[in-house]
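Hi everyone, and thanks for coming.

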Amino acid sequence: MENTALIVIDMQRGFISEKSSCYIRGAAATVPACAEMIKGCREQNIPVVFVNRLYRENGSDVENTRLEGWLRGGKPISPNCDDEISADMPEEFETQSGDYLVKKPRFSAFFQTELDMLLRRLEVKNIVLIGTTTPNCIRTTCYDGISLDYNVAVISDCTSSATDEIQKANLMDMENIGAQVMSSHEFLSGERKIRDLAGLARKYVRG
């Protein structure tokens with residue numbers, strides 16, 4: 001699929017493990033679906049971009065809203081923390097030579113990162129979002145992506161929230177704002193195509 005990239009956000013042990021103070025209840029259950037999505041995109045020559053967190057050990061770059069819990073919880077997602085709450089990704093993902101790795105300091109994958117520059121170098125117009133959490137990192141990346149004129153798809157069974165209610169509400173909000181919400185099967189099988197909404201807007205402006 002041309003002009004498309006898969007963005008995998010924060011699928012790391014520190015967000016997946018129940019022993020982490022940053023644990024997201026629904027994240028672990030999505031690991032198999034995310035792994036299949038990554039595999040399927042590679043098979044279709046769709047670039048895979050892993051956008052992850054890595055906090056400094058002294059906590060100087062941890063969000064102030066998260067700092068107290070982060071300190072009490074063994075400093076997850078930082079160097080020298082316990083392996084089970086580390087910044088490592090699940091073994092099922094196993095990055096390959098053609099993948100891209102981006103470190104992000106906050107929720108959105110675009111905020112103070114090189115992601116936008118990378119995508120434009122790759123001539124990407126469509127971004128497909130998977131990972132955790134839906135109301136925070138997925139949602140902020142979605143909104144920033146739309147603001148930057150990308151066509152944004154969110155894969156419902158490859159994203160996760162603390163509760164089903166939060167998941168449904170946030171998927172609905174993103175769909176209402178213009179994101180295209182679909183399942184991994186719909187995307188990989190080609191059953192649903194990403195509409196070029198940004199292209200339609202450009203065409204209209206040009207007359």
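Let me start with helix H2. What covers its buried residues includes strand E1 (4–9), helix H1 (13–16), strand E2 (48–52), strand E4 (126–132), strand E5 (151–160) and helix H7 (184–189). Here "covers" is about contact, that is, heavy atoms within 4.5 Å.

Before going further, a word on the source. This is a predicted model, where local features need pLDDT of at least 70 and side-chain atom pairs count only at pLDDT 80 or more, while totals for chains, interfaces and linings use all residues. Residues are numbered from 1 along each chain as its sequence is written, and side-chain values use heavy atoms, with hydrogens and water left out. As for the labels, helices (H or I, at least four residues) and strands (E, at least two) are DSSP runs, numbered from the N terminus.

Back to H2. The residues of H2 that count as buried are Val31, Ala33, Cys34, Ala35, Met37, Ile38, Gly40, Cys41 and Arg42. Buried means under 20% relative accessible area, exposed means over 50%, and partly exposed is in between, with a 1.4 Å probe and protein chains only. As a reminder, an α-helix has 3.6 residues a turn, so residues three or four places apart point the same way.

How far apart are the end C-alpha atoms of H2? They are 18 Å apart, and this agrees with the 18 Å that the 13 residues (31–43) should span at 1.5 Å a residue. The expected span is 1.5 Å times one less than the number of residues. Just after H2, Asn45 takes a positive phi of about 60 degrees.

Let me zoom in on one residue of this helix, Cys34, which sits in H2 and is buried with a relative accessible area of 0%. Not counting residues up to four places away in sequence, Cys34 touches Met11, Phe93, Ile130 and Cys158. Cys34 and Met11 are 23 residues apart in sequence, and their C-alpha atoms are 8.9 Å apart in space.

Next, a helix pair. The axes of helix H5 (residues 134–147) and helix H6 (residues 164–177) come within 11 Å and cross at roughly 5 degrees. That crossing makes H5 roughly parallel to H6. Under 35 degrees counts as roughly parallel, over 145 as roughly antiparallel, 65 to 115 as roughly perpendicular, and the rest as oblique.

Which residues meet? From H5 we have Thr134, Pro135, Ile138, Arg139, Cys142, Tyr143 and Ile146, and they meet Ile166, Gln167, Asn170, Leu171, Asp173, Met174 and Ile177 in H6. By class, the contact of H5 with H6 has 9 nonpolar, 3 polar and 2 charged residues. Ala, Val, Leu, Ile, Met, Phe, Trp, Tyr, Cys and Pro count as nonpolar, Asp, Glu, Lys and Arg as charged, and the others, Gly among them, as polar.

Now the aromatics. How many aromatic pairs does a search of the whole structure find? It finds 3. Rings of Phe, Tyr and Trp (its six-membered ring) pair if their centres lie within 6.5 Å; planes under 30 degrees apart count as stacked, over 60 as edge-to-face and the rest as tilted.

One of them is Tyr55 with Trp70: the ring centres are 6.1 Å apart and the planes are at 80 degrees, so this pair is edge-to-face. Tyr55 lies in the loop between E2 and helix H3 (67–72) and Trp70 in helix H3, so the pair ties together parts 15 residues apart in sequence. Both Tyr55 and Trp70 are buried.

Another is Phe110 with Tyr150, with centres 5.8 Å apart and planes at 20 degrees, so that pair is stacked. Phe110 counts as buried at 10% relative accessibility, and Tyr150 is buried at 4%.

Both of those residues also touch Ile127: leaving aside neighbours within four places in sequence, its contacts include Phe110, Leu119, Tyr150 and Ala153. Ile127 is in strand E4 and is buried, with a relative accessible area of 0%.

Finally, some backbone details. The peptide bond from Thr132 to Thr133 is cis, with omega near -5 degrees. In the loop between H3 and E3 we find Ile77, whose phi is near 60 degrees, and Asn80, with a positive phi of about 70 degrees. Ile77 is buried at 0% relative accessible area, whereas Asn80 is exposed at 69%.

Definitions and conventions. Axes are lines fitted to C-alpha atoms, for helices over the stretch in contact, and angles run from 0 to 180 degrees between N-to-C directions.
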